[in-house]
Amino acid sequence: MMDKKEFRHIGKPLDRVDALEKVTGKPIYVHDMELPGMLYAKVLHSPYARAKIKSIDTSAAEVLSGVKAILTGKDTSHKIGLYLVDKRIIARDITRYQGEVVAAVAAVDEATAERAISLIKVEYEELPAVLTIDDALEGEILVHEDINELDGGGVFFPQKDSNIASWNKTIVGDVEKAFEEADLVVESKMYLPAAAHTPLETHVAIAEADPYSDKIKIWTSAQSPFAVRQLMAKSFGISEAAIQVIVPSIGGGFGGKAGVHLEPLITLLSKACNGRPVKLKATRREEFNQLPTRAAMRSRIKTGVMKDGKITALKVYYDWDSGAYADYGANVGRTAIYSGAGPYEIPNVEIHSRTLYTNKVFSTAYRGFGHLETHWIIERQMDIIAQKLGMDPYDFRMKNVLKPGKRTISGEIITESTGSPSDCLKAVVEEIDWAGYQSDEERNRQLKTGKVRGKGFALLHKAPSMPTNTATSVIMQMDGDGKVKVLIGAIDMGQGANTVVAQIVAEVLDIPIEDVEVVWGADTDKHPYDWQTVASKFTLMGGNAVIRAANDMLGQMKEVAAQVFRCNVDKLRHKDSHIYHVHHMDKSLPYSKLARGYVYEDGSAIGGIVIGRGSYIADGLTNLDPETGQGLPALSWTYGAHGVDLEVDVETGDIHIFKIASAFDVGRVINRKLIDGQIKGGVVQGLGSAIFEGYIFNEDGQVMNPSFTDYKIPTAMDIPDEMVSIFIENPEFDGPFGARGVAEHPMISVPSVIGNALYDALGINFYELPLSPENVALTIVNNTQKY
């Protein structure tokens, strides 16, 4: 049970510590930066999904005044890759997607660089391309002919002579026998398209490569500066210490800035320009065409159930159209084998998750990290089964939901500390006043008005997908006035990490939050290490590191105070920025008198500068067995549910959302205002995936909607009439004050909850995203027998 302690800062709806600076335009972004002697880069893109580069003529561009360097694939042999090193920094000999970089220019200004790009002549031989999931699985054309040379490190499994970058699987029990014994077997095939991250700030980076040493300095809009440093060091064959990565403010990421993207290319250009800094900023079109997406995915799912509603078997193939390079896509696919059955107890499971190479723009991490995709499949299938059983979908889920003492499909035991999916489901079902599917009579009555109302709900769960040695660290220094500066390596990109850190520091030290400054941005030469700002991990991991650093500070001050008071340390407590004796309250010292050592009346001093350090590692994790998928992959599970009440215009297919309720078991609320904003923002972003968003490719593999003119995202006009955030607080024993992460989760089941509500409204099951007005209206027309 949650303890009843009243906190000073934890749980309060405090404003973001950066709110005033943000709204007054003070933060500096890499887009704003200009360095002395800086050059500007532009790149030339392949117009073909797959083509042989027969020749590149740069002669006209080379003589253009102001051009300082031109690079093509022949100028570099460097490769880059997160998990599979499969991507050249500049394409050489062959291009693998429309938009891939085939040449780059550095010039004195952007206009000159753009002009130089237009003067480069490339002769291509267009080749047959792998453009669909079926093409990829057939393997008649290999996207990477050297796939047999790729090393997955025992975590990812490239398949020989194929387009399968990684084939991960989970096998538990005897699925085929369970299907034979089941009372009902339901099979479905579902699909969702690739989607764009659409951060407000496009990718941008500046690199300055010292011509006389290995030293490289990079300023970049990235989520993970230490990952950029590590991957750059591996690609360039130099030490991590030689690379300094600086991230000032970042204008959104959503997973798309989690890896390494522009940094290697501009480093090569800087080297070619004798160390002058080179800046490259992506246009919005390049954000769609050149830079990575969320993967498209198709699933074939088969579920066995008994008449009483108990699920006995699940077999799923998740096939990810991950584009031309593996990047984060391989790890996204891996998450499906431990979370791709949803938050349910199923004794017999077989999951195959295949990350596929195709000749399309490659994929990477995206908010929810594969869970939106798998939950679209699982939560739609749950409703479809309930319909066939004639069972209320709420009762069906509650009969199968994970409870304490049960095991996940990877073998982890659920405890009270894990959280409660059933609490979340109950909360949203009550909030939308669910009373079962509406009758055909009621549906027909509404049809006469041209608009039909429907309700639905969906569950979700997520655990961070990260290495077993994932770690984070914190350094804190107390100034002479007792105020505290905090250094972290994580990036606050809108989720409020710096505010949460300030609240935890202020709570542990019992000081005003105004006395805490979390130093903005990150610099790998100055800030302590953090793995990456992904996976909704920082509140739990960073929060614990902060607590340890704050307690380290308190320990140092108490050691000095114990000498001053001539008592044992265990007799000392702290409150209101003071250390005091528990039995003699008059014996009290303010932090300010201890921060730089204590000075006696005679001038002698003891102690020293108070600097706290704390770190936290994701201990207890293991790799998954490559054949069975068994292991301990989850530092923490977060559960949630959505419920929706909507209306459909039968003629236009337009969907109007009256209410969407979202419940999450957050362990403990650290900042009510922040988490409410995360939930509502995530819901609206999820509505984009549900109703509007999706890449459209033509038959040649070209992106047909690479701009906001044709790629629609939600606007203020699309926000639901009412969004309700519900916080379930079953404490996470390992979390700071019992908290667990939730930043990525709010969008995960939004598409499936919309699909489930559309069935209640229309009596039609939808199997593909997006659920756009056009697609909904067309589906209605194709189901005219219902009307």
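The legends below describe close-up views of a predicted model. Residues are numbered from 1 along each chain as its sequence is written, and side-chain values use heavy atoms, without hydrogens and water.

**View A. Helix H14 crosses helix H15.** Helices (H or I, at least four residues) and strands (E, at least two) are DSSP runs numbered from the N terminus. The axes of H14 (residues 497-509) and H15 (residues 538-565) come within 9 Å and cross at roughly 35°. Axes are lines fitted to C-alpha atoms, for helices over the stretch in contact, and angles run from 0 to 180 degrees between N-to-C directions. The crossing is right-handed, that is, the near helix is turned clockwise from the far one by less than a right angle. On the H14 side the contact (heavy atoms within 4.5 Å) includes Val501, Ile504 and Val508; on the H15 side, Val546, Ile547 and Leu554 are among the residues met. By class, the contact residues of H14 with H15 are 13 nonpolar, three polar and no charged. Ala, Val, Leu, Ile, Met, Phe, Trp, Tyr, Cys and Pro count as nonpolar, Asp, Glu, Lys and Arg as charged, and the others, Gly among them, as polar.

**View B. A mixed open sheet has five strands.** The strand order is S9-S17-S16-S15-S10. Strands S9 (164-172) and S10 (184-192) are the edges, each pairing on one side only; two strands pair if DSSP finds at least two bridges between them. Neighbouring strands of this sheet are turned by 5° against each other on average, direction ignored. Strands S16 (residues 311-321) and S17 (residues 348-356) run parallel and are joined by nine bridges, one of which links aspartate 319 to arginine 354 in S17. Helix H10 (residues 371-389) packs on the sheet, touching S10, S15 (296-305) and S16. The direction of H10 makes about 145° with that of S10.

View C. The order is S23-S24-S25, with antiparallel pairing. Strands S23 (572-575) and S25 (588-590) each have a single partner strand, so one side of each is left without a neighbour in the sheet. Four bridges pair S23 with S24 (residues 578-581), and histidine 581 in S24 is the bridge partner of leucine 572.

**View D. The largest cavity holds about 250 Å³ of space.** On a 1 Å grid over the protein atoms alone, a cavity is a set of points where a 1.4 Å probe fits but cannot get out, and lining residues have an atom within 4 Å of a point. Grid points are joined across faces, edges and corners, and a volume is the space filled by probe spheres set on the points. The structure holds ten cavities of 30 Å³ or more. Twenty residues line the largest cavity, with Ile80, Lys87, Val260, His261 and Phe362 nearest its centre. The lining comprises 13 nonpolar, three polar and four charged residues.

**View E. The second largest pocket has a volume of about 630 Å³.** A pocket is an open set with protein on both sides within 12 Å along at least five of seven lines. Of its 26 lining residues, Leu82, Tyr83, Phe156, Gln230 and Pro467 are the closest to the centre. Helices H6 (225-236) and H9 (329-339) give two or more residues to this lining; H6 gives the most, with four.

Note on methods
Predicted model: local features only at pLDDT ≥ 70, side-chain atom pairs only at ≥ 80, totals over all residues.
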